[in-house]
Structure formats: structure tokens, C-alpha cells
Number of protein chains: 2
Amino acid sequence: MNDFIYDVPVKVYFGKDQLGNLGEELKKYGKRVLLTYGGGSIKKIGLYDKVVAEIKKAGLELFELSGIEPNPRVTSVNKGAEICKKEKIDVLLAVGGGSTIDATKFIGAATFYEGDAWDILTEKAQVTNCLPIVTVLTLAATGSEMDPGGVISNLETKDKIGYMHPLMLPKVSFLDPTNTFTVSEYQTACGSADIMSHIIEVYFNMNQDMYMLDCVAEGLMKTVIKYTPIAMKEPENYEARANLMWASSWAINGFIDGGKRQAWSCHPIEHEVSAIYDITHGLGLAILTPRWMQYTLDETTVSKFYQFGCNVFGIDKDMEPMAVAKKSIEMLSDFFFNTLGLKSTFTEIDIDDTNFSIMAEKACRGRVLPGFKRLNQQDIENIFKMCL
Amino acid sequence: MNDFIYDVPVKVYFGKDQLGNLGEELKKYGKRVLLTYGGGSIKKIGLYDKVVAEIKKAGLELFELSGIEPNPRVTSVNKGAEICKKEKIDVLLAVGGGSTIDATKFIGAATFYEGDAWDILTEKAQVTNCLPIVTVLTLAATGSEMDPGGVISNLETKDKIGYMHPLMLPKVSFLDPTNTFTVSEYQTACGSADIMSHIIEVYFNMNQDMYMLDCVAEGLMKTVIKYTPIAMKEPENYEARANLMWASSWAINGFIDGGKRQAWSCHPIEHEVSAIYDITHGLGLAILTPRWMQYTLDETTVSKFYQFGCNVFGIDKDMEPMAVAKKSIEMLSDFFFNTLGLKSTFTEIDIDDTNFSIMAEKACRGRVLPGFKRLNQQDIENIFKMCL
């Protein structure tokens with residue numbers, strides 16, 4: 001068991017009547033606020049008007065950057081940083097899902113850098129400072145509202161890179177489950193696939209486990225499995241939306257890590273898929289994860305799958321471990337592809353093997369992906385082929 | 001489901017090689033450090049020397065207050081506040097278990113008050129400020145290292161009062177499981193009874209539950225049940241000590257509350273027992289909790305006991321709910337009194353019914369204790385009688 005530091009100083013206002021605290025929180029950081037958001041769905045649901053009203057009520061000055069893309073692009077980050085420098089912005093307010101929040105983190109960091117924000121992602125430049133960030137979340141998925149990382153795409157180079165820095169951690173996040181009532185059935189499913197994957201990336205580890213945190217991870221997975229179909233059928237079910245929203249934050253805010261120092265597997269592999277094909281991240285993860293599990297299951301890893309099967313899916317503990325392991329992968333596939341109704345193969349979403357080799361090479365960056373099981377370029381290509 | 005604010009800005013250094021960060025953390029708050037501790041067990045285990053070495057290495061000035069009692073007394077708090085005022089202390093360093101840390105919190109607050117610290121406990125005076133507090137924990141039990149509250153006794157008035165204030169939250173806590181290797185079998189058992197009780201006080205709630213957080217609470221309880229007997233038999237088992245230590249913090253740091261606004265039951269009742277008889281808090285809780293459960297179990301509460309029995313003790317879900325409920329109470333009693341070997345009745349620890357009436361009156365302060373089930377003075381007396 002490794003030593004670790006717990007330090008999660010994000011203040012979270014959770015619930016349906018918390019937005020009245022927004023102005024007061026923003027004011028702590030200054031007067032000039034840059035509001036960032038995506039394609040305008042926050043206007044449709046009336047959230048934009050509520051947020052603007054709070055900003056005005058607090059006597060703050062409002063600037064705006066809209067149009068942040070799903071799979072947000074470095075061009076948006078550069079545009080935002082430009083505004084911050086020009087308008088001397090004091091605090092960033094990201095209203096949206098993970099894409100908007102991710103982009104906003106790099107806007108905050110790039111404001112203190114005189115070149116292309118892409119240099120930060122490629123680690124050519126260091127993060128030296130970051131504008132304070134406040135978020136209002138509208139999608140339970142990435143957990144960006146409570147973690148210090150983000151993923152940015154570069155369409156020119158067809159790269160999609162994840163990066164994190166403690167300075168980019170949001171100061172305050174507003175999590176109101178009612179802001180996710182209008183999330184479509186499909187996006188709810190993809191969001192939950194993303195949450196499940198975050199937990200799985202940490203949970204599947206052979207030698208650095210803390211039993212207590214494994215119990216917590218299992219509880220989070222059971223929560224996603226229980227409430228996603230409810231939220232899909234009854235989009236305004238507060239209990240379901242609330243459980244998914246808080247689980248999405250816990251999945252990746254560092255609570256369940258407890259000193260595990262293991263590289264993730266499915267996320268870096270999926271990033272190469274959505275970098276080229278611009279598919280929803282959660283869908284890519286849903287297709288990849290069960291195949292990655294099949295590929296990594298063997299005598300050395302079976303005990304973790306056995307634990308997963310018994311404690312998350314309630315499979316009979318008396319069954320033979322390898323049988324439990326295989327059944328657990330079937331049950332996860334059933335959850336993704338039947339319960340959530342997600343497409344189950346690359347073929348169904350028009351991805352063929354054309355780019356498998358180049359995507360695999362990029363995923364492991366010419367070396368080996370040092371996750372749960374070490375995967376080289378050929379392994380990753382094999383996993384891609386299993387997804388066809 | 002109620003709204004809530006998550007805000008736990010305590011930095012925790014967890015693990016066996018973290019004390020090298022102590023000097024740097026203390027320095028952030030000033031030069032003059034008051035080290036507080038109890039009866040000297042930290043000298044026996046060599047921790048005192050290590051802590052003092054770190055303080056000297058950092059070039060800080062050291063002051064000391066030793067002799068803080070188990071069930072810490074307001075006289076110690078006043079003594080500490082006196083030193084802080086006289087010596088212009090910048091930062092408090094509590095090295096010990098919950099008693100030392102609790103007392104230190106009130107020393108920090110009383111430094112900014114010109115009267116008797118008891119006035120803060122009795123809410124005659126308000127907390128206006130508090131010296132920054134750093135802790136080095138030596139006992140997995142109260143969770144004081146990560147929460148803003150504490151309990152102080154007044155032997156003159158035979159009162160024992162709990163109080164919390166956000167300003168009293170520790171800034172930094174060092175949790176090294178090896179510092180609990182010398183905790184006796186008995187104190188390990190009492191500590192775990194305290195942790196279990198903290199979780200039970202939050203978990204047993206009929207209408208404000210968040211499924212996800214109930215899963216987390218169940219995971220914490222399973223952790224305590226799994227590892228306490230191991231730690232008792234193998235006191236230097238790092239895995240067991242680490243799981244108990246981190247579970248003790250999570251039990252009461254606010255993670256599992258999620259908007260529950262329910263008064264606790266067994267804690268205020270037990271405080272009246274240990275205020276008079278000076279018994280170990282965890283022992284009192286172990287004796288009281290199963291009786292409180294028997295007393296509150298009925299048709300309106302059975303579903304929560306059913307959930308507890310199935311998910312924590314693995315009782316067959318197909319059994320009749322009331323049978324599961326009763327069996328869950330038996331299994332908890334078995335854990336406390338057989339596995340942990342704690343005394344199971346007041347009679348065995350020389351407590352008779354002499355003070356039941358006055359203790360019951362004090363516990364509900366002449367009104368009704370508004371917990372899981374509302375309990376009036378007579379109810380509490382009845383529960384005391386069940387403990388004989």
C-alpha cells in the first residue's frame with residue numbers, strides 16, 4: 001500500500017436551491033467574470049438566464065465565450081485565453097459539462113502563457129498559474145468539476161491529450177441534479193459509461209489495493225448500474241440524477257485512489273479513437289472496456305475480476321473464479337449494450353480497421369502502456385480488432 | 001433528499017513516510033508552535049522525538065502542553081489557551097488521539113476569548129477565530145483529525161459537551177498507520193466501536209438517504225468488521241491499521257452525510273454515561289448501540305435494519321425483513337462482545353441504575369432527542385435499563 005496525500009479543497013454546493021450562492025462565491029475572486037459555455041443548451045433550459053441574473057445581482061462584470069465543442073479544441077482554449085488577457089478577467093465561470101469545464105481549465109492556465117495553449121498539453125510549456133475557476137455542472141460524466149485535469153483535441157494534428165495540474169482544480173462547483181433533467185437518453189447512457197470507466201480504471205489493480213476504497217468503488221459502480229436506467233426512463237427523477245451526479249464526481253476526484261499509482265488503460269486507448277472519429281467519449285469507452293477486460297483476464301488477474309463480479313453484480317461467490325470473471329464481463333457488456341442501449345461494435349459506428357495501427361501507436365506512444373496489464377502496440381491493435 | 005455543501009479542506013498526509021513534510025506545513029502558519037499531547041505514550045513509541053526533530057529542523061520555536069486527559073477536561077483547555085496568549089503561539093500541533101485533538105481545537109478557539117473556555121461549550125460565548133491546527137494521529141477512533149468538532153468534560157459540573165465550529169477544522173493531519181501499532185487490544189476494540197457508531201448514527205435514517213452514500217457507509221462498516229480482529233491479533237499488521245485509520249476519518253468527516261440533517265442518538269446518550277463514570281467512550285457506545293437498536297426497531301424502521309443486515313452482515317435477503325433486522329442486531333452484538341471482547345453490560349463495568357434518571361434528563365436536555373426515532377427522557381431511561 002503506497003503513501004498518499006488527500007487534498008480536495010473544492011467547495012461543492014450540491015442540490016436544487018444553491019445557485020443563490022453563486023454571486024457571493026464569484027465575488028471572492030474579483031469583479032470581471034468570463035462565462036464559458038457550449039452550444040447553447042444552457043439557454044434552452046433557462047440556466048443561462050439564471051446564472052446571468054446572479055452575476056448581475058452581485059454587481060459583477062460579465063464577459064462571454066460560447067461555442068466550446070464536445071471534445072473541446074485547442075482553438076477554443078486559445079480564444080478564451082485571448083479574451084482573459086485582453087479584458088483582464090479575474091475569474092472563470094464554466095457552465096456546462098466536462099468539455100466546457102476542461103476547456104476552461106486550460107483557458108485559465110493559458111492566460112499566464114504567451115504562446116499556443118497546445119504547448120501546455122504537449123508539456124513544452126509549464127503551468128505557472130491559473131485563473132480561479134467556478135463551475136455549474138450540467139452533465140454527470142467526466143468528473144471535471146472536482147478534479148484538476150482535462151482533455152483537449154487538436155484537429156490539425158489529430159491529437160487528443162489529457163493533462164492535469166493542481167492549479168487547475170476548480171475552487172467551487174455547483175451540482176444541481178435538476179440541471180441534468182434535459183440530458184438525452186443517449187447522453188445519459190454515455191455519461192454513465194464514462195463514470196463506470198473512471199472507476200474501473202482505478203479499481204482494476206492487482207497489488208496496491210485498500211479494501212476500504214475498493215468497497216467504496218463497488219458502491220459507486222452499483223449506484224451507476226441502479227440509477228442510469230431509471231434516469232433514462234424518467235429523466236426528471238431527482239433521486240436518480242442526484243446519485244449519478246455525485247457518483248460522477250467521486251469516481252475521479254481522488255477519493256478512491258488511496259495511493260494507487262497505476263496508469264489508466266481504456267482512457268488513453270479511447271482518446272485515440274475519438275481524436276480521429278469525434279465520437280462521444282463514453283460510447284468509445286463502453287465498446288472498448290469489455291474487450292480490454294477479455295484481453296487482460298488470465299490466471300494472474302482473475303481474482304480482481306472475481307471480486308468485481310461478486311461484489312458489483314452479485315454473482316454467486318461459490319462459483320469457480322474464472323467462471324465468475326467471465327460472467328462479470330458478460331454482465332458489464334449487457335449493462336452497456338442492452339440496458340443502456342449503446343452500440344456494441346466499431347462497425348456499427350462506421351469505424352473500420354484503417355487507422356488501428358496508427359491509433360495503437362499513438363496510444364502507447366511507441367512504448368508500453370503500463371496499466372493493469374502492460375499493453376504494447378500489438379496488444380492495443382488486437383483489442384481494437386475485437387471491437388469490430 | 002436535502003441540499004448540502006461539501007467542503008473538506010483538510011490536507012491529509014497518509015502513510016508511513018510522510019512526517020518529513022511536518023516542518024514545511026507548520027512553517028506556513030508561523031514560527032511559534034505549541035505541541036499538545038497526553039500522558040506520554042508518544043514518548044514511549046518514539047514519536048515525540050521524531051516530531052521534535054522535525055520542528056527543530058524547520059527552525060521553529062517549540063512550546064509544550066502535556067497531560068491532556070482521555071475524556072479531556074476544560075481545565076486543560078484553559079491551561080493551553082493561557083500558554084497561547086502568553087507565548088503568542090502561531091500554530092498548534094496536536095500529537096495523539098481524539099482527546100488530544102479535541103482539546104487542542106478548543107485551545108485554539110479559547111485563545112481568542114477572554115473568559116473560561118467552558119463558555120464556548122455552553123454557547124455563552126461564540127467562536128470568533130481559532131489558531132491553525134496541525135495533527136499527528138495515534139489512534140483510529142474519533143475522526144477528530146478531519147472534522148471540526150470535539151467533546152470536552154467538566155468534572156465540576158459533571159457535564160460532557162460536544163461542540164463544532166468550521167474554524168476549528170484542522171488544516172493538516174498526518175495519518176501514519178504505524179503510529180497505531182502499539183495501541184492495545186482493548187483500545188483498538190473501543191476505537192472501532194466508536195467508528196462503527198459514527199457510521200450507524202448517520203446511516204440509520206428513514207427518509208433522507210442517498211443510495212450512493214449508504215453504499216459507502218456499508219463499505220466502511222464492512223471494513224471495520226473485517227480489520228478490527230486482525231489488528232487486535234496482529235497489532236503491527238499495516239493493512240489492517242491503515243484501513244481502520246482511513247475508515248475512522250471517513251466515518252465522520254462529512255463524506256457520508258450528503259444532506260442528512262438528523263440528530264445523533266447514541267452519542268449524546270453515551271456522553272452522559274462517561275461524563276459521570278469516566279469510561280472509554282467506545283465501550284459505552286458498544287454497550288448502548290444494540291439496545292438502542294432493539295428499542296427503535298419496529299414496523300416503521302424495519303426496512304433500514306433489513307438493509308443493514310443484508311448489506312453489512314450478508315444476511316440472506318430472502319428472509320423475512322423483521323427476522324433479518326433482529327439477526328442484524330444479534331450479529332452486531334456478537335461483533336462487539338465476542339469478536340472484540342468488550343464487556344456487554346453496565347453491570348460488568350460497575351454502573352448501576354443510581355444515575356439513570358439524571359443522565360437521561362441531561363441527554364435530552366429536558367426535551368426530546370430528535371434522532372432516528374424520537375426519544376424522550378423515559379425512553380432513554382428504558383434503554384439504560386436494558387444495558388444492566
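## Salt bridges and a chain contact, step by step

Mentor: Let's start with a network: salt bridges link A:Arg32, A:Glu61, A:Lys86 and A:Glu87. Keep in mind that this is a predicted model.

Trainee: Why is the pair A:Lys260 and A:Asp214 called a salt bridge?

Mentor: Their side chains meet at 3.5 Å, N to O. The cut-off for a Lys nitrogen and an Asp oxygen is within 4 Å, so the pair qualifies.

Trainee: What makes this a link between distant parts of the chain?

Mentor: A:Lys260 sits in the loop between helix H9 (238–250) and helix H10 (266–277) of chain A, while A:Asp214 belongs to helix H8 (residues 211–233) of chain A. The two are 46 residues apart.

Trainee: How do you know whether A:Lys260 is buried or exposed? And what about A:Asp214?

Mentor: Buried means under 20% relative accessible area. A:Lys260 has 14%, so A:Lys260 is buried. A:Asp214 has 4%, so A:Asp214 is buried as well.

Trainee: Now B:Lys86 and B:Glu87: what makes them a salt bridge?

Mentor: Their side chains meet at 3.9 Å, N to O. That is within 4 Å, so the pair counts.

Trainee: What makes H7(A) mostly covered?

Mentor: Of its 19 residues, 16 are buried.

Trainee: What makes up the contact between chain B and chain A?

Mentor: Each chain brings 37 residues to the contact. The area buried between them is about 3400 Å², with 67% of it from carbon and sulfur atoms. On the chain B side, B:Tyr6, B:Tyr211 and B:Met212 supply 21% of the area that chain B buries against chain A, more than any other three residues.

Trainee: How many salt bridges and polar contacts join chain B and chain A?

Mentor: There are zero salt bridges between the two chains, but 15 residue pairs are in polar contact. The side of chain B that touches chain A gets the most from H8(B), with eleven residues.

How values were computed: Residues are numbered from 1 along each chain as its sequence is written. Chains are lettered from A and ligands numbered from 1 in the order in which they are written. This is a predicted model: local features need pLDDT of at least 70, side-chain atom pairs count only at pLDDT 80 or more; totals for chains, interfaces and linings use all residues. Side-chain values use heavy atoms; hydrogens and water are left out. Buried means under 20% relative accessible area, exposed over 50%, partly exposed in between (1.4 Å probe, protein chains only). Helices (H or I, at least four residues) and strands (E, at least two) are DSSP runs, numbered from the N terminus. Contact means heavy atoms within 4.5 Å. Buried area is the accessible area (1.4 Å probe) that two parts lose on being put together, summed over both. A polar contact is a pair of N or O atoms within 3.5 Å; within protein, one must be able to donate a hydrogen and the other to accept it, and residues adjacent in sequence count only if both atoms are side-chain atoms.
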